[in-house]
Amino acid sequence: MDDATHHFTTLLQDAAWHSSPPPRTPPAPVQATPLHIHNLATDKRRARSRWQRSRNQGDRAIYNRLKRNLQAAIRDAGNASFTNYITPLSPDDTSLWKTTKGFKRPQVSIPPVRTSNGSWAKRDIEKATAFGEHLRQVFMPLSSFHPHDLVVSDSLDVPCPMSLPITPFSSAEMSAAIVPLTVRKAPGYGLISGKVFQELPHAAVVLLTTLHNSILRLSYYPLLWKFAQIVMVPKPGKSAHDVASYRPISLLPIPSKVFEKLLLKRLRSDVDLSHLIPGYQFGFRPGHSPTQQAHRIVNEIVTSLEERALCTAIFLDVAQAFDKVWHIGLLYKLKTSLPGPYYLLRQSYLTDRYFQVRYNGVCSDCYEVRSGVPQGSVLGPLLYLLFTADLPTTD
């Protein structure tokens, strides 16, 4: 499966790069200071020095005239440089759109950040490594231990009961899942965007369908699709020198998201998720909204007031909720609630996941994800809902 996935990714990359137009020739680099501006600056400095020594009004007039000439020459040189920059831009090769996007969204560089040992990370590779070490600690399970943990771990070795295999995907389902892909989303490690997928011929769609059906049959998730590149985005109002003040944005491969979308659709048709997820859970569920949740809470309060009963509420802000999900505990709950093929596939989906941090074109080392559900994935929110579905609501 890993070789087949790598072969398919290589085919798409070669086809995309061969079919893409050549990159636009960048504008000529900004030349050094023109000679006439350099001479005007020299004459202005000499005139200013002469006037400061003599304090003669004639020398002052010469200095002011040279200063105005220098300012006009700098202004004309700037206008000429900008004209040379925008002249080759054209809407036909997307160069005009890329230049406009750069002006609308200026890139803000990350200042030096403090590492775990107290030193400062100043270079790009040092910043990427500092963020990677921080996230490695984040994606680490909690160190608490209970004898019940061994029982949960041993239960995962028990064979799953017999159940029907997952229904294979069809090429029509694959095409329907590819059409609504967002073309502006950043690609993952494979650099295959949604636009490339939308341009696939029928033969490539059939090949991708065969690859996905092989994953269902073998219950093995390819290692290449479990690799994530992470981009750090600063949180507003936080210290820019603290690595914890940045939000990780996980970039997963587009083929992985297509497979997860199809698998989620198949899971909803084969398993009644309404019995697995409590009715009071409104997050990440279709047909549910915060407005409906607010109505439910108001109804509970009004009902309690009418019955002259106490109405208590507890509001919890769980830190790093998605990042600290215990994999063994999640697999235990999936094994008891999902059919065997879905559980085995989820087991391969969660294990051996890795990530690296990308910053300014450089990447950190690869780190293993030992806890949490995959961020940026389609199935991540559902896995979190299944993990927290049995939270107690009463004493």
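Student: Why is Asn360 counted as exposed?

Tutor: Buried means under 20% relative accessible area, exposed means over 50%, and partly exposed lies in between (1.4 Å probe, protein chains only). Asn360 has a relative accessibility of 55%, and therefore counts as exposed. The model is predicted, and for this reason local features need pLDDT of at least 70 and side-chain atom pairs count only at pLDDT 80 or more, whereas totals for chains, interfaces and linings use all residues. Residues are numbered from 1 along each chain as its sequence is written, and side-chain values use heavy atoms, with hydrogens and water left out.

Student: Which loop holds Phe284, and why is Phe284 called exposed?

Tutor: Phe284 is placed in the loop between helix H11 (273-276) and helix H12 (290-306). Its relative accessible area is 53%, so Phe284 is exposed. Phe284 also has a positive phi, near 60°, and is a residue other than glycine.

Student: What makes Phe131 and Tyr246 an edge-to-face pair?

Tutor: Rings of Phe, Tyr and Trp (its six-membered ring) pair if their centres lie within 6.5 Å; planes under 30 degrees apart count as stacked, over 60 as edge-to-face and the rest as tilted. By this rule there are eleven aromatic pairs. In one of them, Phe131 and Tyr246 are 5.1 Å apart centre to centre, with 65° between the planes, and the pair is edge-to-face. This pair links distant parts of the chain, with Phe131 in helix H5 (residues 124-138) and Tyr246 in strand S4 (residues 246-251), 115 residues apart. Both Phe131 and Tyr246 are buried.

Student: How do you know that Tyr189 and Phe227 are edge-to-face, and are these residues buried or exposed?

Tutor: Their centres are 5.0 Å apart and their planes stand at 75°, which gives an edge-to-face pair. Tyr189 has a relative accessible area of 42% and is therefore partly exposed, whereas Phe227, at 12%, counts as buried. Tyr189 is in the loop between helix H7 (171-178) and helix H8 (194-198), and Phe227 is in strand S3 (residues 227-234), 38 residues apart.

Student: Which residues form a cluster through ring pairs, and what sits over the ring of Tyr349?

Tutor: Phe169, Tyr221, Trp225, Phe259 and Tyr349 are linked into a cluster by ring pairs. Over the ring of Tyr349 sits the charged end of Arg353, 4.7 Å from its centre. The rule requires NZ of Lys or CZ of Arg within 6 Å of the ring centre and within 35 degrees of the ring normal. The charged end of Arg55 likewise sits over the ring of Trp51, at 4.6 Å from the centre.

Student: Why is Pro374 called buried, and what does Pro374 contact?

Tutor: Pro374 has a relative accessible area of 10% and is therefore buried. Contact means heavy atoms within 4.5 Å; leaving aside neighbours within four places in sequence, Pro374 is in contact with Tyr349, Leu350, Arg353 and Gly380. Pro374 lies in the loop between strand S7 (367-369) and helix H15 (380-387).

Student: How are helix H1 and helix H9 oriented to each other?

Tutor: Angles run from 0 to 180 degrees between N-to-C directions, and axes are lines fitted to C-alpha atoms, for helices over the stretch in contact. Helix H1 (residues 2-19) and helix H9 (residues 202-218) pack at about 160°, with axes 11 Å apart. That makes H1 roughly antiparallel to H9, because angles under 35 degrees count as roughly parallel, over 145 as roughly antiparallel, 65 to 115 as roughly perpendicular and the rest as oblique. The contact is made by Ala4, Thr5, Phe8 and Leu11 of H1 and Ala204, Leu207, Leu208 and Leu211 of H9.

Student: What is the orientation of H7 to H9?

Tutor: H7 and H9 pack at about 105°, with axes 9 Å apart. H7 is therefore roughly perpendicular to H9.

Technical notes
Helix = DSSP H or I, 4+ residues; strand = E, 2+ residues; numbered from the N terminus.
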